[in-house]
Amino acid sequence: MSRLFSALRRTQQISQLITQPRILTSYRSSVSPAQLRPSSTRSMATGNTDKITDWVSRNDKSGEFKRQASAFRNWISREPGAEFPPEKDRYHLYVSYACPWAHRTLITRKLKGLEDFISFTSVHWHLGEKGWRFATADEKLPGENTTPDPLHSDVTHLRDIYFANDPDYTGRFTVPVLYDKKTQRISAEIIRMLYYEFDDLLPSNSSQKLLDLYPTNLRSQIDTSNEWIYNDVNNGVYKSGFATTQEAYEKNVTTLFSSLDKIEEHLQNNASPYFFGSAPTEADVRLFTTIVRFDPVYVQHFKCNIRDIRSGYPAIHRWLRNLYWDIPAFQETTEFEHIKFHYTKSHTQINQFAITPVGPVPDILPKDEEVRAVAAVKR
């Protein structure tokens with residue numbers, strides 16, 4: 001019961017903060033106005049005339065959510081003469097704790113021991129009509145480094161960094177973004193460059209250096225699973241939740257749960273606590289960030305409610321909790337407040353009144369605890 005009351009109190013506090021106007025603290029800029037133009041002077045950029053908060057065009061009769069491809073693909077490489085070589089404190093990550101794609105980079109950064117090499121800042125969990133904004137100095141949000149932008153003191157929104165790279169950019173302002181402090185260039189294609197390119201800077205024989213998230217002997221299996229898990233599960237929850245027609249919703253939610261059934265069968269027949277092999281791989285990282293959000297958000301907010309994970313998928317539930325409770329990189333980068341408030345208070349196209357459900361309580365169960373229905377079956 002104490003968990004329930006605590007969750008209620010926090011929801012009330014956050015709701016009050018959202019409705020109260022805030023004054024943005026003024027900072028002296030470290031970047032010239034020619035490089036970063038203020039958000040207020042820029043037009044909306046979504047690739048069309050729709051608002052950023054419209055996830056499916058109101059003119060799209062198919063009702064289908066279509067994810068934008070990354071536009072910035074600069075690559076860090078340890079090859080001699082590379083334009084973007086691995087260097088300590090050269091690169092800075094911009095992430096959102098709410099976003100599963102950004103969450104992957106935080107997990108990978110920690111698994112590979114790159115905390116002292118690549119710094120990061122998390123944006124505020126709220127995404128509004130100008131996209132992601134940075135927290136102000138007076139906002140005390142959970143999660144490490146949820147602060148104003150430490151590199152550009154006058155910047156209030158992530159969009160300004162996009163426009164500094166391309167003044168004519170017309171896509172969405174997505175996270176994660178890897179920022180090169182030397183060239184002021186950005187990249188949105190990140191996690192695989194963290195697997196090996198910094199290894200020469202890590203201590204010899206360290207566990208982080210030896211960890212191979214994309215081992216040669218498993219690459220074919222990882223790539224094959226990535227393709228359908230991305231389309232049907234990682235992106236499938238969004239295609240279900242953002243659908244604006246019944247037909248689009250039913251098609252995508254049915255595919256989603258068929259794929260979850262397939263994952264459940266795979267994990268049931270897998271003696272290892274990991275998706276492939278005897279150690280965490282990319283497959284675990286990519287799937288975890290969707291599954292850890294499933295019960296707290298996707299079941300109700302995205303109407304992915306044929307089953308939940310904790311009562312409907314015992315093998316997936318076991319796999320999820322093993323990663324979360326046993327490997328610090330997974331737990332320490334998961335911020336449920338950011339996750340729950342971002343989805344329910346930013347997606348006005350599907351949640352007009354921005355009401356955040358209190359449950360499920362807790363957000364993730366301990367390894368030795370089950371929901372009552374499951375516990376009763378086990379007796």
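Which residues does R219 touch, not counting residues up to four places away in sequence? In this predicted model, R219 touches Y196 and Y214 once those sequence neighbours are set aside. R219 is found in helix α6, which spans residues 219-234, and with a relative accessibility of 29% R219 counts as partly exposed, because that class covers the range between the cut-offs of 20% for buried and 50% for exposed. The C-alpha atom of R219 is separated by 9.8 Å from that of A283, although the two residues are 64 residues apart along the chain.

Confidence was considered for the chain as a whole and for particular stretches. The mean pLDDT of the protein chain is 88, and 82% of its residues reach 70 or more. Over residues 15-34, however, the pLDDT is below 50, and this stretch has 23 contacts in the model beyond near neighbours in sequence. The pLDDT is also below 50 over residues 43-48, a stretch for which the model has 19 contacts beyond near neighbours in sequence.

The largest nonpolar core comprises 91 residues, and the residues with the most contacts inside this core are L260, I263, F294 and W319. Helix α9, which runs over residues 282-301, gives the most to this core, contributing 10 residues. Because residues of the core are given both by domain 1 (68-211) and by domain 2 (216-378), the core lies between the two domains. For W319, leaving aside its neighbours within four places in sequence, the residues in contact are L267, P273, Y274, F275, D284, L287, F288 and I291.

An open sheet is formed by 4 strands in the order β2-β1-β5-β6, and the pairing within this sheet is mixed. Strands β2 (118-122) and β6 (186-187) stand at the edges with a single partner strand each, so that one side of each is left without a neighbour in the sheet.

The peptide bond from V175 to P176 is cis, with omega near 5 degrees, and P176 is found in the loop between α3 (159-165) and β5. A cis peptide bond also leads from G359 to P360, with omega near 0 degrees; P360 lies in the loop between α13 (336-346) and α14 (372-378).

Positive phi values in residues other than glycine were also considered. For D89, a residue other than glycine, phi is positive, near 65 degrees, and D89 lies in the loop between α1 (2-19) and β1. The relative accessibility of D89 is 48%, and D89 therefore counts as partly exposed. N145 has a phi near 60 degrees, likewise a positive value in a residue other than glycine, and N145 is placed in the loop between β4 (131-132) and α3. With a relative accessibility of 30%, N145 also counts as partly exposed.

Methods:
Residues numbered from 1 in each chain as written. Predicted model: local features only at pLDDT ≥ 70, side-chain atom pairs only at ≥ 80, totals over all residues. Heavy atoms only, no water. Core = buried A, V, L, I, M, F, W, Y, C linked by side-chain atoms within 4.5 Å. Buried < 20%, exposed > 50% of the residue type's maximum accessible area, 1.4 Å probe, protein only. Helix = DSSP H or I, 4+ residues; strand = E, 2+ residues; numbered from the N terminus. Domains from an automatic or database assignment. Contact = heavy atoms within 4.5 Å. pLDDT = per-residue confidence, 0-100. Pairing = 2+ DSSP bridges.
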